[in-house]
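Here is a short note for a colleague opening this structure for the first time. Please keep the view open while you read the points.

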Amino acid sequence: MTHLWVRAETRPNEARVGITPDGVALLRDRGFRVTVEESPQRALPIHGYRDAGAEIAPAGAWREAPLDAIVFGLKDLPNDGTPLAHRHIMFGHAYKGQAEGARLLERFAAGGGTLYDLEYLVDGDGRRLAAFGYWAGFAGAAMSLIAWAAQQTGRPCPPARTFADARALADEVKARISPLGTFPTVLVIGARGRTGGGAADLCVAANAPVTRWDLRETAHGGPFPQIMAHHLLLNCILAGPDTPTFVPADAARQPRRLTVIGDIACDPGTDISPIKVYDRATSWDAPILRVHESPPLDVMAIDNLPSMLPIEASVDFAAQLLPTLFTLDRIDEDVWGRAEATFRAHRP
C-alpha cells in the first residue's frame, strides 16, 4: 500500500499545504494510506484531514516514519545536516547551483533518499503539472507596489503578512497607493505565463498601468532601456541558461525612472539570474533590499510569496497536483520517473 506522509512546514510564515482534506479522501478511496502531521501554522485545520480519514501524527514525526513512506512537503526541511533516507516530494531549489541546494543534495546522497522536486514534475513535453505561479505573481506584484508606496512617503516598507483572500490584498494595495494621487507604471516580464498573469491581474486591480512583455519583446537579448523608463519591474520568468540580463549590475547608476524591482522568480546568487543588482532573497520581516540610495532602488525578492494567500494558493495548487499524486503507486514511471532521473543527474 502506497503511504503518503504529509509533513508540517517548519519555515516561518509558511501556511500552505500541497493537499486538501478532499484530496486525502480521494487518495484513500484509491487505496492509499495517508498520514498528516499536526501543524500550528497550516492554513487548513487538522480536523478536516482527520475527518477525511487521514492518520494524524505530531509535527516532525516524518523522521521516524517507515522508510517506505513518501514524505510530502513544500518548502525547506530543517537545515540540521542529517542524512535523508526517505523519498521526499518538495521544492528543493537544488538544481541551479544554489548553495543550500547543494547541501540538500549531499544529505540525500548520504542517506540514500530521493528528491522528487515539485518544480520538475513535468509531462512528456516538459510542461510543469502543478505550480503556485499565479499566486506568486499576484502577491509579488502587491508587495512590490506596497514597497513603492512606502518609498514615495519616505517610510520603511511594512512587513509582509497573510490575507484572507485576493480581494483583501488588492484592497490593501489600493489603500496605500490611492492617497498618493499618482500611480506607478509597471513592466511585467513573462506576462503570458501564470506568474506574469497573476502579477498583471493585481496591477489592474490596483489601477496601476501595466506593460506586458514576453518572449517576443526579450528575444533580441538586450539591452532593454525600456525597463529603466518604468517605475516598477516585475520579473516573472523561469530563468534558464539562455535568459538575457534584464537589469545589469550597474543599473542603479544609470539614468532611470525605475525605483522598485519585484524579482518574483527569485533566483539571486545564480549565474542565470537576469537581475544582477542583488544577491540574496528578502524576507517577510524585511521585504525589500535597498541596493542604491539616491535615487533609491529597492528589490523585493521573497521566495514564498504565495503564502500571503495561503488558502487560495493551497486549494489551487492541490487541485493541479492531485491527478499526479494518484499515480504515486507507480512511482518509477512517467512523471515520477522523470523527476527521479533529474535528481540522479544532479546528485553528488
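1. **Charges.** For the charge count, Lys and Arg are taken as positive and Asp and Glu as negative, while His and the chain ends are left out. The protein has 35 positive and 41 negative charges. Their mean positions are 4 Å apart. Bear in mind that this is a predicted model.

2. **Overall form.** The protein has 348 residues and a radius of gyration of 21 Å. A compact globule with that number of residues would have a value near 20 Å, so the two agree. Along the principal axes, the C-alpha atoms fill a box of roughly 60 × 40 × 35 Å. The secondary structure comprises 10 helices and 12 strands.

3. How much of the protein counts as buried? The figure is 55% of the 348 residues. The exposed surface comes to about 14,900 Å². Carbon and sulfur atoms supply 51% of that surface.

4. **Strands E5 and E6.** Strand E5 covers residues 87-90 and pairs with E6 in the parallel sense. Four bridges link the two strands. Arg87 stands opposite Thr114 in E6. Strand E6 itself spans residues 114-117. Thr114 and Tyr116 point one way from E6, and Leu115 and Asp117 point the other way. Buried or exposed? All four of these residues are buried.

5. **Asn235.** Look at strand E9, residues 232-235, which holds Asn235. Why does Asn235 count as buried? Its relative accessibility is 1%, and the cut-off for buried is under 20%. Setting aside residues up to four places away in sequence, Asn235 touches several others, including Ile189, Phe246, Asp263 and Pro274. Gly262, Ile264, Ala265 and Ile275 are also among them.

6. **Ala170.** Helix H5, residues 166-177, contains Ala170. Ala170 is buried because its relative accessible area is 6%, under the 20% limit. Which residues does Ala170 contact, leaving aside neighbours within four places in sequence? They are Phe138, Leu202 and Ala205. Val204 is 34 residues from Ala170 along the chain, and their C-alpha atoms are separated by 9.5 Å.

7. **Backbone points to check.** Most residues other than glycine have a negative phi, and most peptide bonds are trans. The next two points list departures from this.

8. **Cis peptide bonds.** The bond from Gly222 to Pro223 is cis, with omega near 5°. Pro223 is in the loop between helix H7 (215-218) and helix H8 (225-228). Ser294 and Pro295 are also joined by a cis peptide bond, with omega about -10°. Pro295 is placed in the loop between strand E11 (288-292) and strand E12 (297-300).

9. **Positive phi.** Asn13 is not a glycine, yet its phi is positive, about 65°. Asn13 lies in the loop between strand E1 (3-6) and helix H1 (21-29). Asn13 counts as partly exposed, because its relative accessibility is 36%. Cys266 also has a positive phi, near 55°. The loop between strand E10 (260-263) and E11 holds Cys266. With a relative accessible area of 13%, Cys266 is buried.

Note on methods. Residues numbered from 1 in each chain as written. Predicted model: local features only at pLDDT ≥ 70, side-chain atom pairs only at ≥ 80, totals over all residues. Heavy atoms only, no water. Rg over C-alpha atoms; globule rule 2.2 N^0.38 Å. Buried < 20%, exposed > 50% of the residue type's maximum accessible area, 1.4 Å probe, protein only. Areas by Shrake-Rupley, 256 points an atom, 1.4 Å probe, with all protein chains shown as cover. Charge placed at Lys NZ, Arg CZ, Asp CG, Glu CD. Pairing = 2+ DSSP bridges. Contact = heavy atoms within 4.5 Å.
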